[in-house]
Amino acid sequence: MSGYVMMVCAILSEVAGTLSLRASAGFTRPWFGVIVALGYGSAFWCLSQALRTLQLGFVYAVWAGEGTALVAVLGVVLFRDRLDPAGIAGIGLIVAGVVVLNAFSRGGALRAARRS
């Protein structure tokens with residue numbers, strides 16, 4: 001499977017684990033605790049598979065950045081967390097950084113596609 005697909009799976013698994021960590025209410029809701037363990041376990045496995053074909057710095061930056069942005073947005077939607085203007089700007093900068101990595105970095109998806 002493509003490194004990019006595995007990276008997306010890693011991001012989604014980590015986000016599921018993190019959202020479940022919040023929903024577990026300090027692990028007082030055991031089923032959410034199970035999802036936490038499965039989410040983080042599968043995230044790291046998928047991340048290790050992505051690293052077989054993609055560069056470490058690129059993968060980690062995209063995984064951490066997009067996961068952080070997605071968790072922040074879903075926290076607002078699911079848990080009524082609040083984002084102030086600085087938080088919104090920060091998420092925008094994270095997304096912009098990932099776009100720059102993809103468009104201009106040697107390890108980025110767009111550059112890799114052009115080399116093929």
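# Reading helix packing and loops

Analyst: Arg80 is exposed, with 74% of relative accessible area. That value, like the others here, comes from a predicted model.

User: Where does Arg80 lie?

Analyst: Arg80 belongs to the loop between H3 and H4.

User: How should I read phi, and what is the phi of Arg80?

Analyst: Start with the general idea: most residues other than glycine have a negative phi. Arg80 is not a glycine, yet its phi is positive, at about 60 degrees. Ala25 also has a positive phi, near 50 degrees, and is likewise a residue other than glycine.

User: Where is Ala25, and is Ala25 buried, partly exposed or exposed?

Analyst: Ala25 sits in the loop between H1 and H2. Its relative accessible area is 43%, so Ala25 counts as partly exposed.

User: How do I read the packing of two helices?

Analyst: Two numbers describe a packed pair: the angle between the axes and the distance between them. Take helix H1 (residues 3–23) and helix H2 (residues 30–50): the angle is about 160 degrees and the axes are 7 Å apart. Angles over 145 degrees count as roughly antiparallel, so H1 is roughly antiparallel to H2. The two helices make a left-handed crossing. Their contact is made up of 16 nonpolar residues, eight polar ones and one charged.

User: At what angle do H3 and H4 pack?

Analyst: The angle between H3 and helix H4 (residues 85–104) is about 150 degrees, and their axes are 9 Å apart. H3 is therefore roughly antiparallel to H4. The crossing of H3 and H4 is left-handed. On the H3 side the contact includes Phe58, Ala61 and Val62, and on the H4 side it includes Ile91, Ile94 and Val95. By class, 10 residues of this contact are nonpolar, three are polar and one is charged.

User: How do H1 and H3 pack?

Analyst: H1 and H3 pack at about 40 degrees, with 9 Å between their axes. This angle makes H1 oblique to H3. H1 crosses H3 in a right-handed way. Among the residues that meet are Tyr4, Met7 and Val15 in H1, and Trp63, Leu74 and Phe79 in H3. The contact holds 17 nonpolar, two polar and three charged residues.

User: Are Cys9 and Cys46 buried, partly exposed or exposed?

Analyst: Cys9 has a relative accessibility of 30%, so Cys9 counts as partly exposed. Cys46, with a relative accessible area of 8%, is buried. The cut-off for buried is under 20%.

How values were computed: Residues are numbered from 1 along each chain as its sequence is written. This is a predicted model: local features need pLDDT of at least 70, side-chain atom pairs count only at pLDDT 80 or more; totals for chains, interfaces and linings use all residues. Side-chain values use heavy atoms; hydrogens and water are left out. Buried means under 20% relative accessible area, exposed over 50%, partly exposed in between (1.4 Å probe, protein chains only). Axes are lines fitted to C-alpha atoms, for helices over the stretch in contact, and angles run from 0 to 180 degrees between N-to-C directions. Helices (H or I, at least four residues) and strands (E, at least two) are DSSP runs, numbered from the N terminus. Angles under 35 degrees count as roughly parallel, over 145 as roughly antiparallel, 65 to 115 as roughly perpendicular and the rest as oblique. A crossing is left-handed if the near helix is turned anticlockwise from the far one by less than a right angle, and right-handed if clockwise. Ala, Val, Leu, Ile, Met, Phe, Trp, Tyr, Cys and Pro count as nonpolar, Asp, Glu, Lys and Arg as charged, and the others, Gly among them, as polar. Contact means heavy atoms within 4.5 Å.
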